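Work through the exercises below with the model open. Try each task before reading its solution.

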Amino acid sequence: MLLKTLLGSLFFVAGLAGAMEPRSSVDEPTDAGVSTKQAPIDWQFPKDREIEEGTLTIHAPQVVSWEDFEKASLLIAVEFQSNKKDAPRIYATVELSNQTEIDMAQRLVIITEPRVERVVVAEERMQEYAAKLSSALQRDRITIPLDIFLVSLAHDVLESEENDGFNPNPPDILVADSPTIILNISGEPLVMPMASTGYSIIGNSNWPLLKLTKSENYYLLHKQTWWMTENLDGPWQKMAGRPAGLDGLDPEGEFSQFLTQTANTGDVSIHHVTKPTELITIDGEPEIEAIEEAQGLSFVSNTQSPLFVYKSTVYFLASGRWFATNDLQSGTWKMLRKLPGVFSNIPADHGMGYVRASVPDTLEARTALLEASLPEKKTVPANESLVLENQYVGEPKFERIANTSITRATNSGYEIFLHQGVFYLCYEGAWYQSDNAKGPWTPAFRVPDDLYNIPASSSSYPVTQVKVASSTSTSVVYVASNSYYSGIYSYYGMPVYGTGWYYPPYYGYYYHYGRYPYAYYPYYRSYGYGSYYNPRTGTYANRSVWAGPYGGYSYNQHNNPRTGRYGYVETAWNSNEWASYGETYNPRTNISTETKRYYSDDTNRFEMERDITRGDQSIETRRDVDIDDGWAKTTRESSEGDSMVMERQRESDGSYSSEGSITTREGKTAKIEGQIDNGQRRTEITGGDGGKAISGGDGQNRGTVGKDGEGNLYAGHNGNVYKKSGDNWYSYDRGDGWNEMNKPDGGPRAEMAAGKIDNRTRQRMSENAGKARTQAGSFPDYSQRQQTTRMNQLQRDSRSRSRGNQQFQSRRSSSQFNRSSMGGRAARGGGMRAGGRRRQ
C-alpha cells in the first residue's frame, strides 16, 4: 500500500495528475489479482500476472481491426513459466476482442471485459493450457496506448473527405527578405486600461502593443526594443528607451514584461494587417538546398517557413494546406488539392520531415486524419440541470445562419441556437435545450436536423461534429468527432486546421455591477499566425517569427481548442546561446504555467525552470543538464508537500545510472534507482515497507513495450509466436525452439507495408495482381510467398508498436491537463469570460 501511495505522489509531482487535476480511472492500480511485481501502470507491457502454477507474461497487443472505433480485435503473444522445477517455457498466441472505450485525455483504449476468441499453444497439452491462459486474460481489463491503434490502422486506405464547403482561396501571403513582423489585430483594437499607468494594452494584438490613453500613439515591444507610431499602418519609429510612465507597473505583475531592460536589437519592418496574412521571411536571396531522397525537390534553407521548390514552382505550407506560385516575389498564389509525388519521398528524419503530416497518403497524414475522426462519447444524466453564468453581453441577440432555419446567438461566448421556439446549447461535446435563452439547460434527447446543415463559412460549424448517439430514461449519450475538439479536419487527404474561413470576433461592453467591463469573443483562425501541425503533440500551433543572419527571435502563440489552454513563448538565439520564456493559461481549469529555458554552447549546459499553479496549489520543476559530462538533475516540489529528486550520471563504460528519492506529503519516502545500458532501461522504486515497482524496456519501447531476456514477442496471424532481435526475426517451434526466418527481398510489397507507395504504383500493383490471378504459375512458390507475406506483416506490427509507443509518450505528456471544448470559440477578456457554470 505504501508503494502505491509513493507512486501516486510521483505522478503528482511529475505533473501528470495529482491534486490539481482529478485522476482518470485509467491511472488507478490494477485489481488485487495482478502480480505485485507489476508497476501500477496498466498500459505498460510486457506485464506479469500470477496464475495457478506459474507466471503469465503478456506482451504488447497487435491491432487486427477496430470496427467503428467500438469493437477491437487483437492478437497477443504470451508466455507461461510454470513454478515446477525444470518446466519448459510455454508460448502461445491469443486472439482477443470486445467493446472498447476511448480515453482521449490519457490517450488510451480500454477493453473492460476482454473476450478470448482463440488460443494457439505451441505445446502438447494444448487444451489444458488454452483454458488456463483464457481464464487469466479475461480476468482483468486490457489497456492499450491509443497511438498503437492509430499507427496500426493508418496503414489501411482511408477515404478522405473533400469538405467542399471549406474556403478554397489562399490567404494574403507576404514575402520579405529582411527582418519583418506582421502586426495582426483581430477586428477593431481592443483597448484594455492598465492600472497605475496612462496606457492601455491592445488585447487582440498578436504582438505586445500599448496605446497612450489620451492620444493616438501606439507602442510595440519587439524583443527589447520599443517602436512608436501615430498610425498603425506606419511609419514606425525606433525608440531609445521605454515609453515614459510605465514605472508604476508592478515588477511582479502580469505586465512586468514591459519593464524589461531596453536595448537596440536592430531594425525590423512592421506590417499592420486587418485580415489573416501569412508571412514568409527569407534572409536575403533564397538559398536552395536539394533533398537527395526526393528526386528534384528542394527547400529554401534560409527561412523558417516550410518553403519548397520543385521544377519551376514554389510550394508553401500553412495550416496544413499547400499553396503554389511561379513567382515568389510577385506571383499569384493558388491552393493545391494534389501534390507532386516527390513530396512523399521526404525522409521522416530530414529537417523538413515534419511536413509529411500534410502530404496525402503518407503514414503521418493518415494517422493524423484517423485521429481527427475518432469519436468521443459523453454520457450526461437525463435529470442534469446546467446553469451558465455571463452567457450574453446584454440581452440575447440572434441572427439566422445562411441556408438554414437556425438562428445563433451573436453576443455570447457559447454556442446557443434557436429553432422553432426552443433554445439549444452545444457545450463540451453535448447538446442541451431550454425554453429560455438563458437556461437552465437540460440534456437534449434530440436536436433539429438543420443544425447539421450549418455551413463551414459559419463560426458555429464545429457543432456539426456533435450528435446524439443514444438515450435511456436516465441518461443521454453524445458522440463528437475529435475534429470538434482539435479543429483538425480532413481536406483532400490532408489534416488541415480550421475551415479556411475568417470569422470576425465579437466584442462589446455592457453594464455590470456599476461598471462597464469588456467582453471579447475571438474564433479560431486558420491563417495569420503561421499555423503548423506539430507531429509531436498532434495539434496545431502558430508563431510570429523574425530571423536575421546572426540570430533570431520568435514570439509564438498557441491555442489548443481541446483543452482550452492558450499562451505564448518568446525565444531568442545567437551563434552560441539560446533562451526562451513562455506562459500558458487555461481559463476553464484556472491552471497557469511559467517556463524558462536556457542553453549555452560555450558550456554545453541546459537549464529549465517550470512553475505550474492553480489557485494556491503549485508544482515547481527544475532541471539542469551537463551534456559533456552526461549529468542531469531534476527536482520537483509541490505546495502540498510532495517532492522528488533525481540525478543521472554517465559512467565510464558509456552506461547511465540514476538515483533519487520521493517524499510524500505524509512524510513517506521511497528510493529510485535506474540503469541504462546498451539501450536497455531498468527502473526500480523501493518503498519504506520493502515493496517494489519495476519497469524496463529499450529507448523506443519504454513504458509500453519492454524487452526481456528472450527479446520482443509477437503473435503471428497464423497462430505462431515470433521473436524480434535486432533486425532478425525468429519463429518458435516446440520441437526445434527458435529458428531464424528468411528476410524478404524488400521490393514494392515491403515498401507498401511501410506506407511508402505512391498511388500510381499502388494502382499498377493492384492491376498486375488481378492479371496474375488468372494465369497459372504467376505467383512464386506458395510457401515462399506465404513467408514473405508473414514477414511483411510482422515488420508492420513491429513498426506500429514502436512508432505508436513513441507517439503515445510524446503526445500524452502534452495533454495531461483537463480537456474541455470551447465549441470553436475562445472566450477571454476582463470582466466577462465564458466558462462559469454550476450544476444542480
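Helices and strands here are DSSP runs, a helix having at least four residues and a strand at least two, numbered from the N terminus. The model is predicted.

**Exercise 1. A buried arginine**

Task: Find the strand in which Arg 321 lies, classify the residue as buried or exposed, and identify its polar partners.

Solution. 
- Step 1, location. Arg 321 belongs to strand β24.
- Step 2, accessibility. The cut-off for buried is under 20% relative accessible area. Arg 321 has 1%, so it is buried.
- Step 3, surroundings. Leave out residues up to four places away in sequence. Arg 321 then touches residues including Phe 166, Phe 316, Met 335 and Val 496. Among the others are Gly 498, Thr 499, Gly 500 and Ser 526.
- Step 4, polar partners. A polar atom of the Arg 321 side chain lies 2.9 Å from the backbone oxygen of Tyr 497. The side chain of Tyr 527 joins that of Arg 321 in a polar contact of 3.2 Å.
- Step 5, sequence against space. Pro 168 and Arg 321 are 153 residues apart in sequence. Their C-alpha atoms are 9.7 Å apart.

**Exercise 2. Nonpolar cores**

Task: Say which residues of the largest nonpolar core touch the most other members, and which strand gives the most to it.

Solution. 
- The largest nonpolar core has 45 residues. Those touching the most other members are Leu 297, Leu 307, Phe 308, Tyr 315, Trp 322, Trp 333 and Phe 343.
- Step 2, strands. Among the strands that each supply at least two residues of this core are β10 (172–176), β21 (297–300), β22 (307–310) and β23 (313–318). β24 (321–325), β25 (334–336), β36 (488–491) and β37 (494–497) also each supply at least two.
- Step 3, top contributor. β23 gives the most to this core, with five residues.
- Step 4, the other core. A second, separate core has 36 residues, including Val 63, Val 78, Leu 133 and Leu 153.

**Exercise 3. A three-stranded sheet**

Task: Give the strand order of the open sheet that contains β26, β34 and β35, and explain why one side of each edge strand has no neighbour.

Solution. 
- Step 1, order. The strands run β26-β35-β34, with antiparallel pairing.
- Step 2, edges. β26 (375–381) and β34 (466–471) each have a single partner strand, so one side of each lacks a neighbour in the sheet.
- Step 4, one pair in detail. β34 and β35 (residues 475–481) pair over five bridges. Lys 467 has Val 479 in β35 as its bridge partner.

**Exercise 4. Salt bridges and burial**

Task: Classify the partners in the salt bridges Glu 79 with Arg 89, Asp 247 with Arg 242, and Arg 356 with Glu 364.

Solution. 
- Step 1, inventory. The structure holds 21 salt bridges. Side chains of opposite charge can pair when their charged atoms come close.
- Step 2, cut-offs. Buried is under 20% relative accessible area, exposed is over 50%, and partly exposed is in between.
- Step 3, classify.

| Pair | N to O | Classes |
|---|---|---|
| Glu 79 and Arg 89 | 2.9 Å | Glu 79 buried at 1%; Arg 89 partly exposed at 30% |
| Asp 247 and Arg 242 | 3.7 Å | Asp 247 exposed at 64%; Arg 242 partly exposed at 29% |
| Arg 356 and Glu 364 | 2.9 Å | Arg 356 buried at 9%; Glu 364 buried at 14% |

- Step 4, network. Salt bridges that share partners join Arg 49, Arg 139 and Asp 140 into one network.

**Exercise 5. An enclosed helix and a buried glutamate**

Task: Explain why helix α4 counts as largely enclosed, then find the polar partner of the Glu 415 side chain.

Solution. 
- Step 1, count. In α4 (residues 363–372), 10 of the 10 residues are buried, so the rest of the structure largely encloses the helix.
- The buried residues of α4 include Glu 364, Arg 366 and Glu 371.
- Step 3, the glutamate. Glu 415 is in strand β30 (residues 415–419). Its relative accessibility is 3%, so Glu 415 counts as buried.
- Step 4, partner. The side chains of Glu 415 and Ser 460 make a polar contact of 2.7 Å.

Terms used. Residues are numbered from 1 along each chain as its sequence is written. This is a predicted model: local features need pLDDT of at least 70, side-chain atom pairs count only at pLDDT 80 or more; totals for chains, interfaces and linings use all residues. Side-chain values use heavy atoms; hydrogens and water are left out. A nonpolar core is a set of buried Ala, Val, Leu, Ile, Met, Phe, Trp, Tyr and Cys residues joined through side-chain atoms within 4.5 Å. Buried means under 20% relative accessible area, exposed over 50%, partly exposed in between (1.4 Å probe, protein chains only). Two strands pair if DSSP finds at least two bridges between them. A polar contact is a pair of N or O atoms within 3.5 Å; within protein, one must be able to donate a hydrogen and the other to accept it, and residues adjacent in sequence count only if both atoms are side-chain atoms. A salt bridge is a side-chain nitrogen of Lys or Arg within 4 Å of a carboxyl oxygen of Asp or Glu. Contact means heavy atoms within 4.5 Å.
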